[in-house]
Amino acid sequence: MAKRRKVGNLLGLAVLSTVTARPMHPYEMASLMRARGKDRDMDIKWGSLYTVVGNLEKHGFLAVEGSVREGARPERTVYRITDAGRDELADWVRELIGVPERERPRFEAGLSVLGALGPDEVAALLRGRLDSMDREIAADQAALDGEKEVPRLFLLEAEYDLAMRRAEAAWVRGLLTEIEDGTLPHLDLWRSFHATGEMPPEIAELAERGAPED
């Protein structure tokens, strides 16, 4: 089970990882994280960067190294990672890698109420989703193949993302096939509900029963 951390925002994880290379001010941190595509790897709210950096310092994970002034720009505080920060970073990564945690993607939420739409409309939407996914997967695979100089260690998150999206695409393609060839169980009841506006008794009973607990 994931532990409650003093700074639980994943932006804090990205900051600690970034400043392991060298001390830097928050603007440098943001520039480097953007260049590395960290906002694609995790949910980052850039507006909270200074608050997160302040909290990391408050809890002893970052310390002020000094300050710099570049030209006419305001003076900027430079931070370094502390030993406690390195320990926190390592412990956080261990948790993320070793402790499985259920995530709730928006697509799963849509599937949970799919019956609100008719089978034909759902099939059209799934075809559109697949077309978009196939294009994105092909483009991202080409970009990954082009990273010849980057060690694979630094591309693993991109590989994982592609593998997950390919798995989703394969599942969606299978569901679409079942709808289109009529082999999806209870497809006739689904169609009847949207044709008549009346929920078949079999479906109504299941709806009242509810879903099994995880």
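**Pocket, patch and loops**

Mentor: Start with the second largest pocket, where α9 gives the most to the lining, with four residues. Keep in mind that this is a predicted model.

Trainee: Which helices supply at least two residues each of that lining?
Mentor: α6 (106-112) and α9 (187-196) do.

Trainee: And how much space lies in the second largest pocket?
Mentor: About 570 Å³. The lining is made up of 17 residues, and those closest to the centre of the pocket are Leu111, Leu114, Gly115, Trp190 and Ile203.

Trainee: What classes of residue does the lining have?
Mentor: There are 14 nonpolar and three polar residues, and no charged ones.

Trainee: OK, new topic. Which residues make the nonpolar surface patch?
Mentor: Val150, Leu153, Phe154 and Leu156 make a patch of about 380 Å².

Trainee: Where is leucine 153 found?
Mentor: Leucine 153 sits in the loop that runs between α7 (119-145) and α8 (156-181).

Trainee: Does leucine 153 count as buried or exposed, and why?
Mentor: Exposed, because its relative accessibility is 58% and the cut-off for exposed is over 50%.

Trainee: What about the next loop I marked, the one between α8 and α9? Which residue is found there?
Mentor: Histidine 186 is one of the residues in that loop. Look at its backbone: histidine 186 has a positive phi, although this residue is not a glycine.

Trainee: What is the phi of histidine 186?
Mentor: About 65°.

Notes. Residues numbered from 1 in each chain as written. Predicted model: local features only at pLDDT ≥ 70, side-chain atom pairs only at ≥ 80, totals over all residues. Heavy atoms only, no water. Patch = residues over 30% accessible without salt bridge, like charges linked within 9 Å, V, L, I, M, F, W, Y side chains within 5 Å. Areas by Shrake-Rupley, 256 points an atom, 1.4 Å probe, with all protein chains shown as cover. Salt bridge = Lys/Arg side-chain N within 4 Å of Asp/Glu carboxyl O. Buried < 20%, exposed > 50% of the residue type's maximum accessible area, 1.4 Å probe, protein only. 1 Å grid on protein atoms, 1.4 Å probe; cavity = no way out; pocket = protein on both sides within 12 Å on 5 of 7 lines; lining within 4 Å. Points joined across faces, edges and corners; volume = space filled by probe spheres on them. Nonpolar A, V, L, I, M, F, W, Y, C, P; charged D, E, K, R; others polar.
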